[in-house]
Amino acid sequence: KVLIRKGADLVRIGLSILFLVLIGYACNDETPPRAEITVLDDFGVAIDAARVIIYCTEAGCIVSDTATTAFDGVAQFEFKLPAVLKVEAFKVTESTIDTGFPPVTIILGDDSLCGDEFITLITDEVAKKTVIVTNCN
């Protein structure tokens, strides 16, 4: 009787531990979808200080964010819900011609860079996308 009782106690303890582990996993909060956008030129060189705009293209969808790439060409984003979003990246060089009278004329440089892609965001994941930028012309 003593051995049977100890065995039953061990089974109860084991089931209690299993139950607590399962409850712990069930209560685990999901992390929001994140995006890591890397902007490179067509030679594979990271583009720092590029402007990255990420937004929804579907009707009625109001999701958008903007960031600037760091020295390594990477911009980071975090969103509330999963989505498929468009990514546009550009680095504009410009010259300003001040004629002394308004309006001031801004001329885009020949070496301005542009590119775009789509990215799919998934809960609990960091979606990574590389955007290759080339001359905007």
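1. For the terms: buried means under 20% relative accessible area, exposed over 50%, and partly exposed in between, with a 1.4 Å probe and protein chains only. Before you read on, please keep in mind that this is a predicted model, in which local features need pLDDT of at least 70 and side-chain atom pairs count only at pLDDT 80 or more, while totals for chains, interfaces and linings use all residues. Residues are numbered from 1 along each chain as its sequence is written, and side-chain values use heavy atoms, with hydrogens and water left out.

2. Asp116 forms a salt bridge with Lys86, and the closest N and O atoms are 3.4 Å apart. This pair links distant parts of the chain, with Asp116 in strand S8 (residues 113-121) and Lys86 in strand S5, 30 residues apart. Strands here are DSSP runs (E, at least two residues), numbered from the N terminus. A salt bridge means a side-chain nitrogen of Lys or Arg within 4 Å of a carboxyl oxygen of Asp or Glu.

3. The structure holds 4 salt bridges. One of them joins Lys128 to Glu36, with the closest N and O atoms 3.8 Å apart. Lys128 sits in strand S9 (residues 126-135) and Glu36 in strand S1 (residues 34-41), so the pair ties together parts that are 92 residues apart in sequence. Lys128 counts as exposed at 61% relative accessibility, whereas Glu36, at 19%, counts as buried.

4. Asp48 and Lys91 form a salt bridge too, their closest N and O atoms being 3.7 Å apart. Because Asp48 lies in the loop between S1 and strand S2 (51-55) and Lys91 in strand S5 (residues 83-91), the pair ties together parts that are 43 residues apart in sequence. Asp48 counts as partly exposed, at 38% relative accessibility, and Lys91 counts as partly exposed at 27%.

5. Now for the rings. The count comes to 1 aromatic pair. The ring centres of Phe77 and Phe79 are 6.3 Å apart and their planes lie at 15 degrees, so the pair is stacked. The rule takes rings of Phe, Tyr and Trp (its six-membered ring) with centres within 6.5 Å; planes under 30 degrees apart count as stacked, over 60 as edge-to-face and the rest as tilted. Phe77 and Phe79 are both buried.

Key
Helix = DSSP H or I, 4+ residues; strand = E, 2+ residues; numbered from the N terminus.
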